[in-house]
Amino acid sequence: MHAPVLVLKDSLKRESGTKVHHANIQASKAVADIIRTTLGPRSMLKMLLDAAGGIVVTNDGNAILRELDLAHPAAKSMIELSRTQDEEVGDGTTSVIVLAGEMLHVAEAFIDKNYHPTVICRAYNKALEDAVAVLDKIAMPIDTKDRSTMLGLVKSCIGTKFTGQFGDLIADLAIDATQTVGVDIGQGLREVDIKKYIKVEKVPGGQLEDSKVLKGVMINKDVVAPGKMKRKIVNPRIILLDCPLEYKKGENQTNAELVREEDWEVLLKMEEEYIENLCMQILKFKPDLVITEKGLSDLACHYLSKAGVSAIRRVRKTDNNRIAKASGAVIVNRPDELQESDIGTGAGLFEVKKIGDEFFAFIVDCKDPKACTVLLRGASKDLLNEVERNLQDAMSVARNIIKNPKLVPGGGATELTVSATLKQKSSSVEGIEKWPYEAAAIAFEAIPRTLAQNCGVNVIRTMTSLQGKHATGENAWIGIDGNTGAIADMKERKIWDAYNVKAQTFKTAIEAACMLLRIDDIVSGIKKKQAPGGGQAPSKPKVETEADADGEQILPD
């Protein structure tokens with residue numbers, strides 16, 4: 001007998017083979033189970049306590065998983081899934097996890113039978129291609145100009161959320177906002193940038209019904225000198241600046257030695273004249289409202305208010321961009337470069353209102369705004385946060401439809417159709433891949449099954465009758481009405497999903513399942529590489545102070 005050879009260090013843990021597969025599948029199923037109950041209109045809410053003791057109450061799949069702190073690596077990658085889904089299409093974050101969990105669950109049986117993971121993955125990928133083909137077949141194009149269809153669609157997306165009870169309200173807000181900022185990029189495509197041009201302002205107080213989409217922008221600022229400046233201007237001429245209206249300070253401490261006393265007055269005079277010049281350059285254009293991202297000195301404020309111009313200072317860059325988009329102004333970097341064309345005349349009204357105990361400046365009634373603010377009112381902060389998350393989802397769905405105006409049935413009908421088609425096709429799949437392919441088909445039923453579970457109806461009976469209806473393939477639109485659990489035609493109930501949300505869900509879920517199945521070895525406890533200088537690498541780089549900046553050690557190239 002040879003002596004055993006130690007290859008790995010003692011501190012390393014290594015698990016390999018089926019043990020890993022089972023662990024990964026268990027972990028992903030655990031993640032899927034956490035948010036399984038949040039799928040569908042009868043969904044439960046989850047309450048999460050974060051480290052700071054704050055509370056998040058939500059049923060948005062992504063928001064829940066974002067807060068969780070997981071130990072298992074496979075579970076972490078499941079969370080990434082819902083994040084991707086949220087960033088890509090904004091909806092379907094829960095379905096993606098449930099579907100991926102189910103895909104892995106059905107794969108477990110094959111791994112027990114010693115199937116090779118790559119075989120399972122191959123079958124899954126084939127199933128994915130066929131599933132997307134089925135989607136293409138049952139998708140129906142819609143007209144984005146048709147308000148009622150859009151409303152139905154966005155409503156069915158938010159129906160599963162907490163704000164479902166205010167269904168029309170949120171859906172209206174979302175559609176108004178996204179249609180306002182849509183930009184045509186040619187070839188009949190529209191690009192909607194939600195992050196940049198739609199600002200959601202949450203103001204506690206009032207009722208949810210008071211929420212509205214402003215035809216313009218609102219910022220959390222008051223005019224600089226409240227007593228002297230007008231707080232309400234009709235058809236304002238707006239100038240947006242990106243420079244301070246104050247005397248330039250020296251870079252670092254500057255010393256000026258003055259010999260005569262008059263020099264001091266000259267200095268002050270120069271400062272005043274400088275600011276006066278700046279203000280005169282601006283006032284040449286007879287603006288009614290000057291907004292700058294930087295500071296605005298008292299003197300400049302005096303000149304402006306004397307001319308009857310209102311000013312707002314220290315506005316956020318993003319807000320300034322939105323004002324520019326809404327009012328048609330151009331942000332100018334230096335006052336001396338102002339032109340008539342840079343002045344925004346698109347706004348119909350500027351006014352400062354007091355909401356709650358803060359002042360808000362509204363620039364509204366714009367002619368053709370390309371940016372807007374959604375004003376949300378609500379009783380409590382938690383409620384507002386949840387409404388904002390739902391609004392984000394609703395706007396994403398509206399954006400998806402504007403981008404790709406195709407619908408597929410909701411309520412689990414799509415998944416059932418895909419499942420039935422794949423089951424029929426599985427008989428024509430050659431060789432060993434047939435079984436995993438069929439299993440993938442069955443896995444798609446997780447979504448309607450979960451919907452049925454959350455409604456509290458008899459799951460087995462509902463599922464069998466649904467499968468029966470879909471197996472004949474006569475109506476692809478039969479699904480579960482999530483509120484009652486009854487089997488219904490989704491076309492009549494107006495329960496729809498956006499095509500690219502569904503496609504993205506399927507792709508993400510299956511690709512992730514394949515990736516997790518391919519893992520056959522987990523090595524943990526890998527030491528950090530040590531610096532070649534022997535001892536421990538320093539934990540953080542040494543910050544050079546000015547004293548040793550001119551020292552001898554010049555780093556080699």
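**Entry 1: the pairs around D242**

I began with K294, which has a relative accessibility of 36% and therefore counts as partly exposed. I note at the outset that the model I consulted is predicted. I then asked which residue K294 meets in a salt bridge. The partner is D242, with N and O 3.0 Å apart. I located D242 in the loop between β11 (238–241) and α9 (261–283), and K294 in the loop between β12 (289–292) and α10 (298–306). The two residues are 52 apart in the chain, and the pair thus links distant parts of it.

Is D242 buried or exposed? I found a relative accessibility of 18% for D242, and because buried means under 20%, D242 counts as buried.

I next looked up K317, which also forms a salt bridge with D242; here the closest N and O atoms are 3.5 Å apart. K317 lies in helix α11 (residues 317–327), whereas D242 is in the loop between β11 and α9, so this pair ties together parts that are 75 residues apart in sequence. K317 is partly exposed, with a relative accessible area of 45%.

**Entry 2: R449 and E102**

I looked up how many salt bridges the structure holds, and the count is 19. One of them joins the side chains of R449 and E102, at 3.2 Å from N to O.

I compared the accessibility of the two partners. E102 is buried, with a relative accessible area of 8%, while R449, at 25%, counts as partly exposed.

I also traced a network: salt bridges with shared partners join D33, R36, E102 and R449.

For C279, I looked up the nearest cysteine sulfur, which belongs to C301 and is 9.3 Å away. A disulfide requires sulfur atoms within 2.5 Å, so C279 is in no disulfide. C279 is buried, with a relative accessible area of 0%. C455 likewise counts as buried, at 17% relative accessibility.

**Entry 3: a sheet of three strands**

In which order do the strands of the open sheet stand? I read the order as β4-β18-β21, with antiparallel pairing. β4 (140–141) and β21 (496–498) are at the edges; each has a single partner strand, so one side of each is left without a neighbour in the sheet. Two bridges join β4 to β18 (residues 406–409). In this pairing I found M140 opposite L407 of β18.

I then turned to helix α18 (residues 499–518), which packs on the sheet and touches β18 and β21. The direction of α18 makes about 70° with that of β21.

**Entry 4: helix α13**

My last item was helix α13, residues 413–426. From first C-alpha to last, its 14 residues reach 20 Å, close to the 20 Å expected at 1.5 Å a residue.

How many residues of α13 are buried? I found 11 of the 14, and the helix is mostly covered. Among the buried residues are A413, L416, V418, A420, L422 and S426. E415 is also in the buried set, as are T414 and T417.

Notes:
Residues numbered from 1 in each chain as written. Predicted model: local features only at pLDDT ≥ 70, side-chain atom pairs only at ≥ 80, totals over all residues. Heavy atoms only, no water. Helix = DSSP H or I, 4+ residues; strand = E, 2+ residues; numbered from the N terminus. Expected span 1.5 Å × (residues − 1). Buried < 20%, exposed > 50% of the residue type's maximum accessible area, 1.4 Å probe, protein only. Pairing = 2+ DSSP bridges. Contact = heavy atoms within 4.5 Å. Axes fitted to C-alpha atoms, helices over the stretch in contact; angles between N-to-C directions. Salt bridge = Lys/Arg side-chain N within 4 Å of Asp/Glu carboxyl O.
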